[in-house]
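Here is a quick tour for someone meeting this structure for the first time. Have a look around, then read on.

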Amino acid sequence: DKKKSLKYLLVSFGILKTAPAPAPAPVHSYTPANTEPASRPPWVTDDSFSQKFAPGKSTTTVTKHILPRGAPVPSPASTPAYPSPVSSSSQPPAIARGTVQRAERFPASSRTPLCGHCNNIIRGPFLVAMGRSWHPEEFNCAYCKTSLADMCFVEEQNSVYCERCYEQFFAPTCARCHTKIMGEVMHALRQTWHTSCFVCAACKMPFGNSLFHMEDGEPYCEKDYIALFSTKCHGCDYPVEAGDKFIEALGHTWHDTCFICAVCHVNLEGQPFYSKKDKPLCKKHAHAINV
């Protein structure tokens, strides 16, 4: 207490000075620049991410399809979209690309299906195609808008096209006849073919799903390839295939097990032999009469 009183008196008479209390540091309010790295995941930077991708929500993947050069691109606003149904149980069997189909007409009845284009109830006659129902006036070619109610159509990239537009813009070209392929396509040798055009160069039969061999740039079925190009054993007349042991003797090729004496059938591989009438003989039967 004495020390406090003395300090008070010294301060009062100006003998002892006290340092002023430090001023508070200025506080600056500012909005920091966006320092978030661009690689941060969207669920960190996007507050609504969890709502966009809630487990109960369905998501749609859109694939951009580029038409061939020179082909007019339909306007997105005027091009009807034909989304695939979510349920696979009601989906018809998968149809090969380029397959020509035809819609089926149904008269007005108590049944009121939803239109696959506008998603509205159809009251009156309707069409059924691709496992869905359509207003007859809304089932049109995605490019030329021709009605497909009574015409054949082809499904491509979730849209439908008349045969003429599909052939012009999407159908692949056959490597053999150089015409457009409508329907089933054969993919071979990095090219596309009509199934009836990809044939054996010898017998002209289509390969289908069979194996084929290439020789001088031409495909051959296995039977014709063996007959025309394979090396045959002179002893058994069967091909000498890759991995087989063989012997070349008397101007011919032999399986190692087929190069035997024509009389006693002893194997002559690595043994001295003689020949008579183009047949190998062991030393014992070198002068055999009946060969």
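A residue is called buried when its relative accessible area is under 20%, exposed when it is over 50%, and partly exposed in between, using a 1.4 Å probe and protein chains only. By that rule Thr253 is buried, because its relative accessibility is 14%. What you see is a predicted model, where local features need pLDDT of at least 70 and side-chain atom pairs count only at pLDDT 80 or more, while totals for chains, interfaces and linings use all residues. Residues are numbered from 1 along each chain as its sequence is written, and side-chain values use heavy atoms, with hydrogens and water left out.

**The whole chain**

The chain has 5 helices and 14 strands; these are DSSP runs numbered from the N terminus, with at least four residues (H or I) for a helix and at least two (E) for a strand. Of its 291 residues, 26% are buried. Its accessible surface is about 21,100 Å², and carbon and sulfur atoms account for 55% of that; the areas come from the Shrake-Rupley method with a 1.4 Å probe.

**Around Thr253**

Thr253 sits in strand β12, which covers residues 252-255. What does Thr253 touch, leaving aside residues up to four places away in sequence? Its contacts (heavy atoms within 4.5 Å) include Thr231, Lys232, Cys233 and His234, and also Val240, Phe246, Ile247 and Glu248.

**Hairpin and loop**

Strands β9 (residues 212-215) and β10 (residues 218-221) pair in the antiparallel sense over 4 bridges; pairing takes at least two DSSP bridges between two strands. Met214 has Pro219 in β10 as its bridge partner. There are 2 residues between the strands of this hairpin, and Asp216 takes a positive phi near 55°.

Most residues other than glycine have a negative phi. Lys277 has a positive one of about 55°, and Asp278 has a positive phi near 65°. Lys277 lies in the loop between β13 (274-276) and β14 (279-281), and Asp278 is found in the loop between β13 and β14 too. Lys277 is exposed, because its relative accessible area is 62%, whereas Asp278 at 37% counts as partly exposed.

**A charged pair**

How many salt bridges does the structure hold? There is 1, where the term means a side-chain nitrogen of Lys or Arg within 4 Å of a carboxyl oxygen of Asp or Glu. Asp150 forms a salt bridge with Arg105, and their closest N and O atoms are 3.0 Å apart. The pair links distant parts of the chain, 45 residues apart: Asp150 is in the loop between β4 (132-134) and β5 (152-156), and Arg105 is in strand β2 (residues 104-106). Asp150 is partly exposed at 48% relative accessibility, and Arg105 is partly exposed at 45%.

**Rings**

The whole structure has 14 aromatic pairs. Rings of Phe, Tyr and Trp (its six-membered ring) pair if their centres lie within 6.5 Å; planes under 30 degrees apart are stacked, over 60 edge-to-face, and the rest tilted. Two of the pairs are set out here.

| Pair | Centres apart | Planes | Type |
|---|---|---|---|
| Trp193 and Phe198 | 4.8 Å | 50° | tilted |
| Phe259 and Phe273 | 5.0 Å | 90° | edge-to-face |

Phe259 and Phe273 are both in the loop between β12 and β13, 14 residues apart. Phe259 is buried at 2% relative accessible area, while Phe273 is partly exposed at 32%. As for the tilted pair, Trp193 is buried at 10% and Phe198 is buried at 2%. Ring pairs also link Trp193 and Phe198 with Phe207 and Phe212 into a cluster.
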